[in-house]
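Subject: Structure handover

Hi,

As promised, here is the structure for you to look through.

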Amino acid sequence: MLASFDKLARMLIQERRLEYKNKAVMGGLEKFMPTWVAEAEQEVTTDAERQLIQDVAQALNQYPEISETDRPNYLHRILVKLHKAGESIAEDDAAEAEAKPEVGAVQPVATQPPAETDAEPGADSEPEPEPIQEQISTQEVKPAIEIVAAPEKPARASTPPPPPPPSPPFQRDLRADFAQVGLNSPVTKLPGIKEVMAKKLARLSVQTVGDFLSLYPRRYDDYRSLKPINRLQYGEEVTIIAQVWKIHQRDSRRGQTLVNVTLSDGTGKMEVTWFNQPWLVNRLKPGTQIVVSGKVSEYLGRLTFTSPEWEELDKDLLHTGRIVPVYPLTEGITAKWLRKQVRAAVDYWSSRLTDPLPAESLDRLKLPALDEAIRQIHFPDDWEKLEIARRRLAFDELLLIQLSVLQQRQAWRAQSGRPVHTGPEVVEQLVKALPFELTTAQRRALDEIVADLRQGVPMSRLLQGDVGSGKTVVALAAMVLTVLDKGQAAILAPTEILAEQHFKGMSKLLEPIGQALGQELSIRLLTGSTPAAERRELLDQLANGQVDMLVGTHAIIQSDVEINDLRLAVIDEQHRFGVGQRSALREKGFNPHMLVMTATPIPRTLSLTLYGDLDLSIIDEMPPGRQTIATRWVSPRERERAYSFLQAQIEKGRQAFIICPLVEESDKTEARAAIEEHKRLQTEVFPRLKLGLLHGRMKADEKDKVMTTFRDGQTDILVSTSVVEVGIDVPNASVILIEGANRFGLAQLHQFRGRVGRGEHKSYCLLLADKVTPEVEERLQAVEQTTDGFKLAEKDLEMRGPGEFFGTRQSGLPDLKLVKLSDTKLLELARSEAQLIFGQDPHLKQPQHQLLVQQLENFWNPESDLS
């Protein structure tokens, strides 16, 4: 270390001993700065060292203005800077130091550690390295540095120090690896990533090199708060810089390997524990200087760290000492390994990305360039820059959605269709023939659909309504009107049990409608379970126009199914079908009118944004007589009471649903958890009842069989993951218990609640939280207090944002990774920009829009679309 740097470091150590009173130098440290700057500038040789001098001088000139409570941390940072600068200078002289022994070099002097209550009897004492702040120079000893004498031990001067442990392979400069491959190259092109690791990365949607850039952090840990050990407080997220004093490995009673490390930074000592990482014993040798970041915990009255992030003291901290990105993980991939891969990809590729938005657009929209946004979203300098980066990338997501829906709307409306000729008197006749009166909202939706059917442009409309609001009867009315004009209609349902339910319900309604209109109306069901002979007969009748209406599953879009004159196609639970399946249904007719239905209440603003290619009809009113489901949220300690309530309902002859907690890692993990929960409930809680099981890893026919068994009353309780079907009618089910209710969105909880209350029996919904916080209470009380799905959807969006509202697993929508509800103005901005672009270039053929076209192709899941 330079003599001037060493001199200042000793003064700062003295200031610490004097309890930060600014008395280490006569007149205060700020008075000494001009003299020190002049001395230091005589010694330095690089611009970086000169800049450091100015930074340190400026910091110490402000020292009198720093409060005494903040001065320890303030001085600690300056000492770290001086120490790191000293290391850098020492590295430059390393070759010379190896060839020529230093004059006056000091060999390490061992100190006897004080007795500690957790020291193992008979264990050899490890040598205590000098505190970081006092181990300023290895070239000469200054009187101010204290070296505590210790009992003599055999001289070790002739024994060379052990070589540092080898660095793992991923510690090499990964940027060179990324320089050898393209963004679209598979990850297996990178050294060290073989097929096994590639499969693990694929679970995180990382399949190409470029996917590392769009693997955004799920959260961030702020480890910028750097403190000395003696200023730490329980529960704070903090970073310390310290030396390893001693390290010890042992096995716990549970078979875990514990590595206990004692750290010292000159102001105090503390213990750090890592679990199942025995390799740390070879990495963290006594004397190693490390940076540790994490949450301060407590054990037996002493402050500790448990499994914190750490890395060796380095100029470019990645895992500690900064706002650290936390990425989603999967089994077999560690946080540090993934963070280093992403860092290398960002370092090499961010500056090489071509921004799809022209410079004039960025200026007009006040958005940062793409390269800066990518850098800051992954490794932000501060929270403000992180939000600016998120806003830019969220705008990109919204812009691509807007461009896509405008493209789809333009393409669909450019086609010619066949209008359905029907007069208002026929519509009135049909409505009066129904055995019940339509609600105002139902009639409004029907009128909007009828107006579309009369046009020569194919209808493309979304019918949105809460569970039980009566969407199906509106769709049936449109189908009947189509048939009255000599056309055919079909409705596509996602499962056999839903298709069968629609078929039975529609058949029942068609009888009085046909009598009132004086026309026989035929309806048939086609699913994968339809017997071969019956299927052949049905296909002939469809091709000859002898079947008016068809209800079915995916079976109706198979290539050998021909419909003579399909004029109206209805898709139920539209998000369950991919673009290929929807296109196959369209192709059964000549540009048929399309009506898609969803029971997920989506606020109008978001509907217009995401479904801008569709005209929107909303049924926001429930039919009279629909019973209110009594809803109550219960805390974990009330679990047994909830089980007792289910038991009592089943003893009355009712049935129940139990929804398992949401497991985010994967469908496989969620299925495994459901199987274990089903086993526990069957053996420990309800041993005398029959329990069914439904989860996402089952095949379609297995799910249908389980649901049919439950509907027919052969099982008492259905234990299910979140895949339990929307729209399933089990009139005898009177109670649903939702485990881990705090993990689900409000809209999803509302959907689950709609599984009961479909019969004559009073019904109940119990929301069992496995974690209770003020936020959880607020959310669950909202479900408890309102049955309005649209109000809950607004609340859900307010609390979680559009990305989480739809969820990454929902088919038919892009993964909105960065969009929040607070981005309402950003939604409008993206819509305006998309309209501006389309106004200038309706077919996106101009050169400046080709990158946007390419991004559009990559943005959407190839198996899904909006309509």
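Strand S13 (residues 566-571) has six of its six residues buried, so it is largely enclosed by the rest of the structure. Buried here means under 20% relative accessible area and exposed over 50%, with partly exposed in between (1.4 Å probe, protein chains only). Helices (H or I, at least four residues) and strands (E, at least two) are DSSP runs, numbered from the N terminus.

Before going on: this is a predicted model, where local features need pLDDT of at least 70, side-chain atom pairs count only at pLDDT 80 or more, and totals for chains, interfaces and linings use all residues. Residues are numbered from 1 along each chain as its sequence is written, and side-chain values use heavy atoms, with hydrogens and water left out.

Back to S13. Strand S10 (residues 488-492) pairs with S13 in the parallel sense over five bridges, and Ile-491 has Val-570 of S13 as its bridge partner. Strand S14 (residues 593-598) also runs parallel to S13, joined by four bridges; there, Val-570 is partnered by Leu-595. (Two strands pair if DSSP finds at least two bridges between them.)

Leu-585, in helix H18 (residues 579-586), touches several residues, among them Leu-566, Ala-569, Val-570 and Ile-571. Contact means heavy atoms within 4.5 Å. Leu-585 counts as buried, at 0% relative accessibility. Ile-556 is also among its contacts; the two C-alpha atoms are 7.9 Å apart, though 29 residues separate them along the chain.

Now the cores. A nonpolar core is a set of buried Ala, Val, Leu, Ile, Met, Phe, Trp, Tyr and Cys residues joined through side-chain atoms within 4.5 Å. The largest has 95 residues, and Met-549, Ile-717, Ile-738 and Leu-749 touch the most other members. Helix H15 (residues 471-484) gives the most to this core, ten residues. A second, separate core has 56 residues, including Val-187, Leu-190, Leu-204 and Leu-827. In soluble globular proteins, nonpolar side chains tend to be buried together.

Helix H20 (residues 639-651) is worth a look too. Ala-642, Tyr-643, Leu-646, Gln-649 and Ile-650 are buried in H20. They cover an arc of only 120° around the axis (taken from the directions from the helix axis to the C-beta atoms), which puts them on the same side of H20. Glu-640, Arg-641 and Glu-651, on the other side, are exposed. The contacts of Ile-717 include Leu-646 and Ile-650.

Glu-833 sits in helix H26 (residues 824-840), and its contacts include Ser-361, Arg-364 and Phe-395.

Asn-22 has a phi of about 60° and lies in the loop between helix H1 (3-17) and helix H2 (29-43). Lys-486 has a phi of about 70° and lies in the loop between H15 and S10. Which of the two is buried or exposed? Asn-22 is buried, with a relative accessible area of 14%, while Lys-486 counts as exposed at 70%.

Cheers

Definitions and conventions:
Lists of a residue's contacts leave out its neighbours within four places in sequence.
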